[in-house]
Structure formats: structure tokens, C-alpha cells
Amino acid sequence: MTAERIYAALLRMYPAPFREEYGGEMLSVFRDLRASRRSTPVRFWSFVLRDVFTSAARERLEGTRWLAAALFGLAATVATARLATFVYRYFYHPYFEDTAIRPLPYGLLLGIVLGLSVAGAQWVLFPAAERRAGRWALVSAVTLPVAILFCSTAVEQALDGLNPVVHIHHPLALDLLVVGFGRPGDWSGIAAQFFAMAASALVIRLAMPDLKVRRYSWDSGRHAD
Amino acid sequence: MTPTRAEFHVLLALLDGPRHGYGLMQDVEELSGGELTIGPGTLYTAIKRLRASRLISETDADAGRRRCYKLTRKGKSIVEEEARRLQELVRAARKRGLLPSQS
């Protein structure tokens with residue numbers, strides 16, 4: 001196996017879009033670098049490997065930042081819902097008997113929390129990728145938590161529907177996610193609540209000022225960085 | 001945007017005009033007095049970020065059909081701003097006796 005073939009194989013460590021855009025050029029630069037190298041093969045390859053591993057890891061990490069923003073939004077929204085439930089139970093008064101949480105305002109309120117937390121996470125995690133954070137990452141980071149919460153609520157509703165008399169033990173993930181979400185009694189109420197949540201989260205996120213381009217938290221060191 | 005060390009050197013190298021990837025690598029090493037040697041991975045991840053931030057842009061390929069990059073107006077102002085910031089740091093270091101004062 002020639003050195004170029006080894007380097008071409010190493011390029012597979014980068015995400016496919018990056019490889020398609022720059023892979024050919026990187027191979028060409030590697031060829032020039034190898035032709036002009038002044039160090040021993042061991043030193044040369046340790047430099048090349050370090051460069052590939054660190055930059056590919058960074059590129060891969062950058063690709064998962066939208067997921068981190070979405071998960072932070074999910075966690076913040078669930079925590080808010082649980083806190084609201086705790087406060088409601090703590091200060092419960094018989095006066096509130098028979099009062100129900102209305103799906104639309106509750107969904108809108110949680111959507112505001114989701115939109116703000118996603119925007120905050122993207123502001124921290126997307127310093128230099130402003131354009132991407134402003135486009136697809138915006139929608140996906142809001143859509144994913146809403147989809148997870150909607151599916152969890154739907155599963156719990158379906159499980160409860162199987163036997164409305166005897167309590168069915170839920171999987172732990174459902175307990176973690178759904179408690180506090182004030183599940184409406186019918187499916188149209190659930191749909192309205194989550195639609196309102198998605199809408200207000202997107203509006204809040206869109207209304208936030210554009211993410212400013214700031215520096216990456218890492219700095220470059222000698223050689224590979 | 002405050003560029004990283006590698007990005008700043010790439011911007012600095014492009015002040016002299018458009019360069020292709022390998023030319024940039026050589027210039028970065030020369031500009032840093034051999035202190036900073038970047039590989040193709042570091043170079044092209046920096047190029048990607050600088051292009052995304054519109055600090056550099058692609059220009060016509062050279063005679064060897066290699067893609068070349070040039071500094072944008074925004075890139076030039078950023079590199080000037082960063083150079084001034086570093087100058088201030090050096091001045092502060094001199095003032096506190098960390099570096100010998102200029103004669």
C-alpha cells in the first residue's frame with residue numbers, strides 16, 4: 001500500500017461532506033508535503049497521523065453540535081415542566097380542584113423555554129458556524145425535542161389507554177420525560193399542545209438576534225492544532 | 001471573530017495575495033519562524049471555517065489547476081484587528097518587564 005493510499009484511507013475519518021469538498025485537495029497537498037519532507041518517516045507519519053486525528057475529531061464534533069443544542073433544549077424544557085408540576089403540587093389548594101391545564105397556553109409557554117434554551121446552547125456551541133446555526137440547525141434543534149416529547153406522551157397515552165383502570169408501570173424514560181407535561185385527555189389536545197410548543201419555540205429562536213461569530217474554544221498549538 | 005493561531009497565520013499569509021493549499025502551509029511555517037507547522041487536516045478545517053465566516057474566498061485555480069484562496073475585505077479587517085490586539089499584548093508584556101523593552 002502506497003503512502004497516498006494510506007492517506008486516502010485516513011481521509012475517511014472526516015465527515016463525508018468535508019471529504020467531498022476538500023479531500024482531493026488534501027491528498028494533493030499531502031503529495032507535495034511528502035515529496036518535500038525533511039524529517040524521518042517515523043516523525044513524518046506521526047505528524048500526519050496527529051494532524052488527521054485531531055482535525056477529523058474536531059470536524060466530527062462540530063457535526064454533532066446541533067444534537068447537543070437539541071438535547072440541552074429538551075433537558076431544559078423537561079426540567080421546567082417538572083419544576084412547574086412540583087410548584088403546583090406544593091402550593092396545591094382545594095380551590096384548584098377540577099382545574100385543567102389548557103394545552104395551548106401550556107404548549108406556548110414550554111415552547112418559549114425550548115426556544116430560549118436552544119438559542120442559548122447554539123450561541124455557545126456554534127461560534128464560527130453562524131450560517132449553519134442559523135438555518136438547518138435552528139429547525140432541527142427545535143424539532144427533535146418536540147418530536148421526542150410528543151412520541152413519549154403518545155406512547156404513555158397509548159399505554160394508559162390499554163387499561164385505564166389499573167396503573168401500568170411505565171418505562172423509566174417515559175417517567176423522566178412525560179411527568180410534568182400535563183397530558184391532555186384527548187389526542188387533539190396533545191397535538192395542539194405540541195404544535196403550540198413547536199411554533200412558539202421556533203418564533204422565539206427566530207426572534208433572537210443573529211449569532212455572532214466568535215472564536216472557537218480551542219486554540220491552535222504547534223503542528224496539528 | 002477572533003481567529004485561532006492557525007487561522008490567523010493563514011490570513012496573514014494571504015495578505016501577500018492568493019495562495020493554494022500547499023503554498024499556505026509553507027507560508028505559515030515561514031511566518032511563524034518554524035514554530036507552527038500545520039498539516040493538511042488543520043489547514044483545510046481552518047480554510048473551511050474562514051470561508052464559512054467569509055474571511056477568505058476561493059479564486060481562480062493556478063496553472064497547476066489547484067484551488068487558490070484570497071483574503072476578503074472582511075478578512076483583511078479581521079487580521080488587522082487581531083494584529084493590533086497582539087501588538088497591545090506585547091506592549092503590556094513589555095511594560096511589565098516580561099519582554100525586553102524596545103530600544
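Is A:Gln157 buried, exposed or partly exposed, and how many other C-beta atoms lie within 10 Å? A:Gln157 is partly exposed, because 16 other C-beta atoms lie within 10 Å. The cut-offs are these: a residue is buried with 20 or more other C-beta atoms within 10 Å of its own, exposed with 12 or fewer, and partly exposed in between, with C-beta atoms placed from the backbone. A:Gln157 sits in helix α7 (residues 136–162) of chain A. Its C-alpha atom is 8.6 Å from that of A:Trp187, 30 residues apart along the chain.

This is a predicted model: local features need pLDDT of at least 70, side-chain atom pairs count only at pLDDT 80 or more, and totals for chains, interfaces and linings use all residues. Residues are numbered from 1 along each chain as its sequence is written, while chains are lettered from A and ligands numbered from 1 in the order in which they are written.

**Confidence in chain A**

pLDDT is the predictor's confidence in each residue, from 0 to 100. Chain A averages 80, and 83% of its residues score at least 70. Two helices mark the ends of the range. Helices (H or I, at least four residues) and strands (E, at least two) are DSSP runs, numbered from the N terminus.

| Helix of chain A | Residues | Mean pLDDT |
|---|---|---|
| α1, highest | 3–10 | 94 |
| α6, lowest | 130–134 | 52 |

Residues 212–225 of chain A have a pLDDT below 50, yet the model gives this stretch 35 contacts beyond near neighbours in sequence. Two residues are in contact if their C-beta atoms, placed from the backbone, lie within 7 Å. Where pLDDT is low, the predicted coordinates should not be read in detail.

**A helix pair in chain A**

α1(A) packs on helix α2 (residues 16–35) of chain A at about 140°, with the axes 10 Å apart. Axes are lines fitted to C-alpha atoms, for helices over the stretch in contact, and angles run from 0 to 180 degrees between N-to-C directions. On the α1(A) side, A:Ala3, A:Glu4, A:Tyr7 and A:Ala8 take part; on the α2(A) side, A:Leu27, A:Phe30, A:Arg31 and A:Arg34.

**Chain B**

Chain B has four helices and three strands. Along the sequence they run α-β-α-α-β-β-α. Of its 103 residues, 38% count as buried. Helix α1 (residues 5–14) of chain B has eight of its ten residues buried, so the rest of the structure largely encloses it. Among them are B:Phe8, B:Val10 and B:Leu14. The cover includes α2 (21–31), α3 (40–52) and α4 (73–95) of chain B.
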